[in-house]
Amino acid sequence: MKKRKIEFASHPGNLCLVRVFVREFLAECAFVERDAGLIVLGLDEACTNIIRHAYNHEETRLITLSCEKIALGVRFRLRDFGAGADPEKMKGRPLDRIRPGGLGMHLIREVFDRVDYRLKKRGTELVLTRTLSAKRE
């Protein structure tokens with residue numbers, strides 16, 4: 001199975017590099033462009049949530065992203081070393097409320113087939129899995 005890893009500081013400017021890294025990884029994984037774009041968007045949102053919530057906008061904290069091609073799709077592991085959060089409380093705002101913000105968790109759960117939070121002694125590992133055969137509307 002193919003694996004790639006990137007480590008980067010929690011500066012929002014680094015998200016462009018992460019998006020390019022993920023697109024290059026997905027180019028070898030047979031996803032159609034639309035699905036690849038949604039995966040990139042979902043990972044960008046997850047990184048943004050780490051920067052905002054785990055690191056409280058500190059720009060020099062470590063984030064790692066591991067990308068792995070698995071038998072039926074891809075798996076991503078995002079690791080932070082910041083403030084842990086209760087996964088049960090990580091819910092987006094109600095969709096019927098029209099205002100900016102709060103839709104990232106909805107997006108992540110829509111894009112990925114499986115979303116797992118693994119609390120660590122320091123920080124959190126977010127594991128996101130997407131299968132190739134998953135049908136999206």
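Asp35 forms a salt bridge with Arg34, and their closest N and O atoms are 3.6 Å apart. By salt bridge I mean a side-chain nitrogen of Lys or Arg within 4 Å of a carboxyl oxygen of Asp or Glu. Before going on, a word on the source: this is a predicted model, in which local features need pLDDT of at least 70 and side-chain atom pairs count only at pLDDT 80 or more, while totals for chains, interfaces and linings use all residues. Residues are numbered from 1 along each chain as its sequence is written, and side-chain values use heavy atoms, with hydrogens and water left out.

Back to the pair. Is Asp35 buried or exposed? Asp35 has 11% relative accessibility, so it counts as buried. Arg34, at 47%, counts as partly exposed. The cut-offs are these: buried is under 20% relative accessible area, exposed is over 50%, and partly exposed is in between, with a 1.4 Å probe and protein chains only.

Asp35 also forms a salt bridge with Arg130, where the closest N and O atoms are 3.4 Å apart. Asp35 lies in helix α2 (residues 33–54) and Arg130 in strand β5 (residues 124–131), so this pair ties together parts that are 95 residues apart in sequence. Helices (H or I, at least four residues) and strands (E, at least two) are DSSP runs, numbered from the N terminus. Asp35 and Arg130 are both buried.

How many salt bridges does the structure hold? The count is 11.

Next, the overall layout. The protein chain has 3 helices and 5 strands, and along the sequence they follow the pattern β-α-α-β-β-α-β-β. Of its 137 residues, 43% count as buried. A contact means heavy atoms within 4.5 Å. Among contacts in the chain with a separation of 6 or more, 62% come from residues 24 or more positions apart.

Now the aromatic rings. The whole structure has 2 aromatic pairs. Rings of Phe, Tyr and Trp (its six-membered ring) pair if their centres lie within 6.5 Å; planes under 30 degrees apart count as stacked, over 60 as edge-to-face, and the rest as tilted. Phe25 and Phe76 make an edge-to-face pair, at 5.9 Å centre to centre and with 75° between the planes. Phe25 is in helix α1 (residues 15–26) and Phe76 in strand β3 (residues 73–80), 51 residues apart, and the pair links these distant parts of the chain. Both Phe25 and Phe76 are buried.

Phe76 also pairs edge-to-face with Phe112, at 6.2 Å centre to centre and again 75° between the planes. Phe112 sits in the loop between α3 (104–111) and β4 (114–119), 36 residues from Phe76. Phe112 is buried, as is Phe76.

Last, helix α3. Which residues of α3 are buried? They are Gly104, Met105, Ile108 and Val111. These residues cover an arc of only 135° around the axis, which puts them on the same side of α3. The arc is that of the directions from the helix axis to the C-beta atoms. What covers the buried residues of α3 includes α2, β4 and β5.
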